[in-house]
Amino acid sequence: MWKTLVALLISVTPALAQERVTAYDALRVVGVHVNRDAVNHVVSVTGTKGDPQPETWKILLDDPARGGIREIQVRNGRVASERPSAMVGSSEGATIKTSRLNLDSSGAFQVASHIAEKSGARFDSANYTLRTDPHGDPIWIVTLQAVNGQPVGTIHIGANRGNVTRTEGMFAGATMQDVQTEREVVPERRHGENEEQVSDENGEERGPLYGVRQRMRQYFQRAQDEANGMFDRVKRSFTDFINR
């Protein structure tokens, strides 16, 4: 059943073949081209200039038999190229646990778009990277770009639970760690001074931009909560997808 559906995918009419596929679709093509187990040896999945999906997906596979990393590019639902990768370093611990993937690139785009909207950022295209984070969990890193190709901002989205863990170039760089470790701020006046000083519960003074940072954290937290709610709508299990 699975191979029949994949055969239909890669044998569609020329018009349909021009549709840009998602990361899950590209991984399915790799599974047919190499073998079913290949999707369990993925090191990273990347795509650039997505509108919203990229024209080409580059998949790096850990290839123990050959003692290295293999690079496969998928374009228009077909394998466009295959070669040894120039990746330097060990892939140990970097293999993505696809059984924990619950967010396709289409869902990652929707979450990233929502965060961009809430931060007031405008963009023209998106670059995607799916890899593991320092804890070994799969993560989407979506970099939004302006028409001139300059980066507008980057959003880190957990591919397992859909949580936004970090933003760059948006919300003053606030992260959930900033929000969770935020200390209570108490205004106080110094003796002999008219100027109000801001300090935390330990008496540590804060700079003049502290209030701005606090507001950015609040905006980020609200957007992050909304993104979590959106995840319920865009959630897509890779295991279910590949086995259907």
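The model is predicted, so local features need pLDDT of at least 70, side-chain atom pairs count only at pLDDT 80 or more, and totals for chains, interfaces and linings use all residues. Residues are numbered from 1 along each chain as its sequence is written, and side-chain values use heavy atoms, with hydrogens and water left out. The structure holds seven aromatic pairs and six salt bridges.

**Aromatic pairs**

- Rings of Phe, Tyr and Trp (its six-membered ring) pair if their centres lie within 6.5 Å; planes under 30 degrees apart count as stacked, over 60 as edge-to-face and the rest as tilted.
- Tyr 24 is in helix α3 (residues 23-33) and Phe 241 is in helix α7 (residues 238-243), 217 residues apart.
- Helices (H or I, at least four residues) and strands (E, at least two) are DSSP runs, numbered from the N terminus.
- Tyr 24 is buried at 0% relative accessibility, and Phe 241 is buried at 2%.
- Buried means under 20% relative accessible area, exposed means over 50%, and partly exposed is in between (1.4 Å probe, protein chains only).
- Phe 109 and Phe 123 have ring centres 6.0 Å apart and planes at 75°, so they are edge-to-face.
- Phe 109 sits in helix α4 (residues 105-119), while Phe 123 sits in the loop between α4 and β5 (125-132).
- Phe 123 is partly exposed, at 28% relative accessible area.

**Around helix α3**

- The charged end of Arg 28 sits over the ring of Phe 241, 4.2 Å from its centre.
- For this, NZ of Lys or CZ of Arg must be within 6 Å of the ring centre and within 35 degrees of the ring normal.
- Nine of the eleven residues of α3 are buried, so the rest of the structure largely encloses this helix.
- Among the buried residues of α3 are Tyr 24, Asp 25 and Arg 28.

**Core and contacts**

- A nonpolar core is a set of buried Ala, Val, Leu, Ile, Met, Phe, Trp, Tyr and Cys residues joined through side-chain atoms within 4.5 Å.
- The largest nonpolar core has 43 residues, and Val 142 is one of those with the most contacts inside it.
- Not counting residues up to four places away in sequence, Val 142 touches residues including Ala 108, Tyr 128 and Ile 157.
- Contact means heavy atoms within 4.5 Å.
- Ser 125 lies in strand β5 and is buried, at 10% relative accessible area.
- Leaving aside neighbours within four places in sequence, Ser 125 is in contact with Lys 49, Gly 50, Thr 143, Leu 144 and Gln 145.

**Salt bridges**

- A salt bridge is a side-chain nitrogen of Lys or Arg within 4 Å of a carboxyl oxygen of Asp or Glu.
- Arg 83 and Glu 71 form one, with the closest N and O atoms 3.1 Å apart.
- Arg 83 is in strand β4 and Glu 71 in strand β3, so the pair ties together parts twelve residues apart in sequence.
- Arg 83 is partly exposed at 47%, whereas Glu 71 is buried at 6%.
- Arg 100 and Asp 137 meet in a salt bridge of 2.8 Å, N to O.
- Asp 63, Arg 70 and Glu 82 are linked in a network of salt bridges.
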